[in-house]
Amino acid sequence: MKRFVPLLALLVALLYVGGSLRAPKNPGAFDIVGFGKLPILLNGRLKPLDTVARSSLLQLQGRQRVSTPELAAPFVDSPTEWLLDVCFRPEKADTYPTFAIDNPELLSLLGKSGDALKINYTDSTKKTLAIVGFLPGTHRRFSFNDLQPHFRVLDEQAKLANQVESAVRTAFQGAVVQLYGNLIHYQRLRHALIAPGRGEFLDDLLKLQDNAAAWAAALKAQVNKEPHDAAAATAAAAIGERFVDMANIAGSFLVVPPAPGITDPTAWKSAGAALLEAFRSGRVDTAAFAYAGLAHAWRNDKPDRFNKLLELFRTDLLKGNPALFGKTDAETRFNAAQPFYTSMSLYAIALLVAIASWLAWPEALGRAAFAITSVTWLLATAGIGARMWLEGRPPVTNLYSSALFIGWGAVLLCLILERFFKNAIALVAAGAIGFATLLIAHHLSLSGDTLEMMQAVLDSNFWLATHVVIVTAGYSATFLAGFLAIIYVLRGLLTKSLDAASADSLARMVYGILCFATLFSFVGTVLGGIWADQSWGRFWGWDPKENGALMIVIWNALILHARWGGMIKPRGLMCLAMGGNIITAWSWFGTNMLGVGLHSYGFTSAAFVALTSFVGAQLALIALANLPLAKWRSFRATT
C-alpha cells in the first residue's frame, strides 16, 4: 500500500490542477464570460472587463465573492456578473454588501455600531460556530445604499484626512481615505458604459442618432447667439449633460477603441467622450451603441438578444483590430484558472504531508510530498510565465510579483535540496514558504490591478531581468535559510525528531543556501548601483532601499565569516539565519513603509502590523533557540 502513496498523491494533485484549468462556463443563459472578455484601456493597460471586475472587488471588499454571512448563496455567480449589475442595473448592485469597513471609529461615524453590526443567524449551528469564532459575528461589508446617507460627513472627513501626509495619518484617517477612494471607484464603474439612472439609455442614443446633425447645429447657433431651434437645443443639452457626466466621472475607463487601423493607445475614449463626439460628427459610435443595447437586454432579461449583440460587437471589434482580443481572452482564462490560489492550497497540503512523513512512513509520505510540491511549483511557474507574457515584462515588476517570485525561487531551491538530502526537511520549508509568500501576494493584490504599468524609472526590461531578478533570488535564498533555521529550532524544542543526523543536515543546508544568498545579494546590489548610475547619475546614494540591500549582503557575509572563524556552531548559525529573516523583511517591505527615498514607489502602510508581528516572532524564536540545552526535548549533541 505504501508504494502507491506517492503515485496516488501525484494523480490527485494533477487532477486538482487540471480541474482548476478548465474553461469557465456561463452559469445561466447570458454569455457573461464573453462580456468579461471585452477590452478596456485602464491606467495605460489594455485588459478585459473581467480583470476590472475582479480587481475592483478585491479593492473594495478584499475578496471576489459578493455575499453575506446570513445567506448560503452569493448575490451573483461571478465578478463579471457583479460588474454587469453595477453598470447596467445599479439600483440592484447598490444593495449588495460591497464595501469592507473594519475601523471601529469609522463604523461609529457611519452609524454602524453595537447591535447594528451583529449578525443574527437563524440556524443554531451557525450561531454556535459564530460564538466560537468559525463564522463572523459582526458585519464588516456594507452596500452603497447603506453608506449613501453619510456621504456628506464622509466627504468632510476625507478632505481633512487628505490634508495629512499618508505616512502620519491615524488609522481612522487612513480608513476614511480608503473608503472615500473606493466610493469614487464605484461611481466610475457605474458611469463607465452607460449613464446610470436612465432605464432606457438606448432610447437616448436612438434619439441622438436621428437628430445629431440638427441638435449640433442648434447648440452651435445657441452658443453664437444666432437664431436656432430652441426645442432642439434644449433636447440636445439635456442628453448631452448626461454624456458630460459620464465623461467626467468615468475618467480613465476607456472602453471605446479607436477607428480601424489606429493602434495609438491615446485614441481610446470613454463612452461619455465618444457620445459627446457625436454632436460634432453626427454619428453615434458603434461601441457606445453596443453597450447601450447590452444594457437594455440585461435589464429586460433577454439573454438571446444580449448574446447576439455581444457576438456582433465582438466581430465588429475584431474587424477593426484583429489582434485586439489576443491577450484579453488569455487574461480572462488566466483569471478564471486562478493558479496562485490553487498553488496556495496545494502548498498547504504538501506541508502537512511532509510533516506527517516525520511521524510515519517517511519514505512514502516524503515522496508524496515531493510529488505534490513539484506539481505545485510547475503550476506556479506556468502562472508566472503567463503573467510575463501578458505584461511583456520579466517576472518581477512590483511588490506583488516579487512575492510570487520569492516563493517560486525558494521552493525551487527546496526541491533541489530534497533531491540531495531526502529527509523532507526542505519540503516542509517549501510548503511553508510557498504558502506564506502566496498569502502575502494575495494581500498585496487588494490594492488593485497586479499587472500595472511600470513606474518610469523601472521601465527597463534589461535591468528588471538582471538586477531585480538576481537581487530577489537573494531574498528567496536568505528567507529559505531563515525558515530552515526555524524548522531546526521548532523540531528541537517541540519534538523528539531532531537527532544528530537531522541537525547536521539542517546545518549543511543552511550553510549552502547562505553561500548562494550572499553571492546573489551581492551581485544584485552591484547591478542595482549600475542601474542607479544610469537612471539618477550616481552609483550609491544611501537611499533606504539601497541600505536594505547592503544590509542583506553584510549580514550574510557576517554569518559566513562567523562560521569560518569558528565563532558560532550550528545553533548560533540558526540564530543568525533567523536574524536574516528580519533584515530581508525590512529591505523588502520596511524601507517602502518609510515613504521616503527614490524607491518609495512600493509604499504600503497596511504591511506595518504584519511586518512588526513577523519581526517579533523571529526575535522570540531566536530567544527560544538560546535556551539551555536541557530545555531541548531530544537533541543533546554539541551545538
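Lys 327 lies over the face of Trp 389, 5.3 Å from the ring centre. A charge counts as sitting over a ring if NZ of Lys or CZ of Arg is within 6 Å of the ring centre and within 35 degrees of the ring normal. Arg 491 sits over the face of Trp 358, at 4.0 Å from the ring centre.

This is a predicted model, in which local features need pLDDT of at least 70, side-chain atom pairs count only at pLDDT 80 or more, and totals for chains, interfaces and linings use all residues. Residues are numbered from 1 along each chain as its sequence is written, and side-chain values use heavy atoms, with hydrogens and water left out.

Next come the aromatic rings. Rings of Phe, Tyr and Trp (its six-membered ring) pair if their centres lie within 6.5 Å; planes under 30 degrees apart count as stacked, over 60 as edge-to-face and the rest as tilted. The count comes to 21 aromatic pairs. Take Phe 30 and Phe 306: their ring centres are 5.2 Å apart and their planes stand at 80 degrees, so the pair is edge-to-face. Phe 30 lies in the loop between helix H1 (5-20) and helix H2 (32-36), and Phe 306 lies in helix H15 (residues 303-320), so this pair ties together parts that are 276 residues apart in sequence. Helices here are DSSP runs (H or I, at least four residues), as are strands (E, at least two), numbered from the N terminus. Phe 30 and Phe 306 are both buried. Buried means under 20% relative accessible area, exposed means over 50%, and partly exposed falls in between (1.4 Å probe, protein chains only).

Phe 35 and Phe 88 form another edge-to-face aromatic pair, 5.9 Å centre to centre with 65 degrees between the planes. This pair also links distant parts of the chain: Phe 35 is in helix H2 and Phe 88 in helix H4 (residues 79-88), 53 residues apart. Both Phe 35 and Phe 88 are buried. Ring pairs link Phe 30, Phe 35, Phe 88, Trp 298 and Phe 306 into a cluster.

Now turn to the salt bridges. A salt bridge is a side-chain nitrogen of Lys or Arg within 4 Å of a carboxyl oxygen of Asp or Glu. The count comes to 13 salt bridges. One of them joins the side chains of Asp 85 and Arg 89 (3.1 Å, N to O). Both Asp 85 and Arg 89 are buried. Another joins Asp 329 and Arg 314 (2.5 Å, N to O). It links distant parts of the chain, with Asp 329 in helix H16 (residues 326-337) and Arg 314 in helix H15, 15 residues apart. Asp 329 is partly exposed, at 21% relative accessible area. Arg 314 is partly exposed too, at 24%.

Glu 546 forms a salt bridge with Arg 538, and their closest N and O atoms are 2.8 Å apart. Glu 546 is buried, with a relative accessible area of 9%. Salt bridges that share partners also join Arg 45, Lys 47, Glu 331 and Asp 449 into one network.

The backbone has its own points of interest. Most residues other than glycine have a negative phi. Asn 43 is not a glycine, yet it has a positive phi of about 55 degrees. Asn 43 is found in the loop between strand E1 (39-42) and strand E2 (45-48). With a relative accessible area of 56%, Asn 43 is exposed. Ala 424 is not a glycine either, and its phi is positive at about 70 degrees. Ala 424 lies in the loop between helix H19 (399-421) and helix H20 (425-444). At 3% relative accessible area, Ala 424 is buried.

Helix H20 also holds Thr 437. Thr 437 is buried, with a relative accessible area of 6%. A polar atom of its side chain lies 2.8 Å from the backbone oxygen of Ile 433.

Finally, look at the surface. Leu 519, Phe 522, Val 523, Val 526, Ile 530 and Phe 539 form a nonpolar patch there, with about 480 Å² of accessible area together. Patches are made of residues with over 30% relative accessible area and no salt bridge; like charges are joined within 9 Å, and nonpolar side chains (Val, Leu, Ile, Met, Phe, Trp, Tyr) within 5 Å. Accessible areas come from the Shrake-Rupley method with a 1.4 Å probe. Phe 539 is found in the loop between helix H22 (500-536) and helix H23 (544-564). At 40% relative accessibility, Phe 539 counts as partly exposed.

Terms used
A polar contact is a pair of N or O atoms within 3.5 Å; within protein, one must be able to donate a hydrogen and the other to accept it, and residues adjacent in sequence count only if both atoms are side-chain atoms.
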